[in-house]
Amino acid sequence: MHSVTISSIAVAAIAALPAVSAHGFVSGIVSGGKWYKGSDPNWFYGSSKPPTAGWYALNQDNGFVAPDAYGTQDIACHIGATPGTQSIPVKAGSSIDLQWNTWPDSHHGPVIDYLAKCSGSCSKVDKKSLSWGKIHQGGLLNDAVVPGKWASDKLLANNITHTVKIPASVAPGNYVLRHEIIALHGAGSTNGAQNYPQCINLKISGSGSGVPSGTPSTKLYKATDPGILVSIYQTLKSYKIPGPALWKGAKKAKRFAA
């Protein structure tokens with residue numbers, strides 16, 4: 001439906017995109033020492049979808065999903081997302097690197113990772129059927145100087161790269177990794193938080209037996225959650241990372257508390 005050739009229409013469409021900050025996307029993934037290309041939003045303007053494990057979304061403006069869309073499937077893997085055509089092999093118990101192409105230093109907030117098992121190939125999965133288990137979360141790391149140091153700042157300082165460990169207890173199979181930054185610079189106002197979900201197909205190997213699951217996409221967050229509707233331009237006594245509790249098979253991440 002969205003596969004078109006480069007033409008004057010496509011050029012005009014690009015020119016018509018709203019001027020926004022370069023928020024970024026996951027441009028590369030490293031697993032087992034091998035680099036894999038992520039899904040560049042400009043796939044939309046090519047003659048066909050390039051093969052990638054990253055999901056294809058309609059985020060050509062590098063935009064976000066706002067809280068008023070939490071009840072829609074856009075919050076799953078970004079706006080209008082459809083599954084990637086490939087999967088990246090990863091061993092349970094190992095870590096993978098998620099490389100963003102860029103991220104603005106003014107956009108502070110948590111970094112969260114989920115897994116959802118596919119029934120069959122993830123390249124054909126219906127995102128409505130995915131049930132997410134949280135395997136990692138990082139929030140406010142230090143509040144010595146407002147607006148504090150956040151997990152997103154750590155990602156930015158680490159060559160715009162986030163490392164996530166796939167728990168050793170995860171059963172082998174096909175999964176979608178949902179990796180997300182939530183920018184809170186405007187979250188002091190209703191509908192001001194900005195979610196940047198990125199989905200990547202994984203083929204996990206190992207000897208575990210656990211399956212992270214529990215929460216459908218549309219139940220992950222509410223617009224009034226204390227970690228979503230919050231002003232970071234003040235000293236925070238605590239910060240509650242939004243979303244469900246960590247999956248029991250994942251080692252609990254540290255969360256800032258005063």
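A disulfide links Cys-77 and Cys-199, with the two sulfur atoms 2.0 Å apart in what is a predicted model. Cys-77 belongs to helix H2 (residues 74-77) and Cys-199 to strand E11 (residues 194-205), so the bond ties together parts that are 122 residues apart in sequence. The torsion about the S-S bond of this pair is about -75 degrees, and the disulfide is therefore left-handed. Cys-77 and Cys-199 are both buried.

A disulfide is also found between Cys-118 and Cys-122, where the S to S distance is 2.1 Å. The torsion about the S-S bond of Cys-118 and Cys-122 is 110 degrees, and this link is right-handed. Cys-118 and Cys-122 are each buried. The count of disulfides is 2. With the bonded cysteines counted along the protein chain, the disulfides follow the pattern 1-4, 2-3.

Strand E11, which carries Cys-199, is part of an open sheet of 6 strands. The strand order in this sheet is E3-E11-E10-E5-E6-E12, and the pairing is mixed.

How values were computed
Residues numbered from 1 in each chain as written. Predicted model: local features only at pLDDT ≥ 70, side-chain atom pairs only at ≥ 80, totals over all residues. Heavy atoms only, no water. Disulfide = S-S within 2.5 Å. Helix = DSSP H or I, 4+ residues; strand = E, 2+ residues; numbered from the N terminus. Buried < 20%, exposed > 50% of the residue type's maximum accessible area, 1.4 Å probe, protein only. Pairing = 2+ DSSP bridges.
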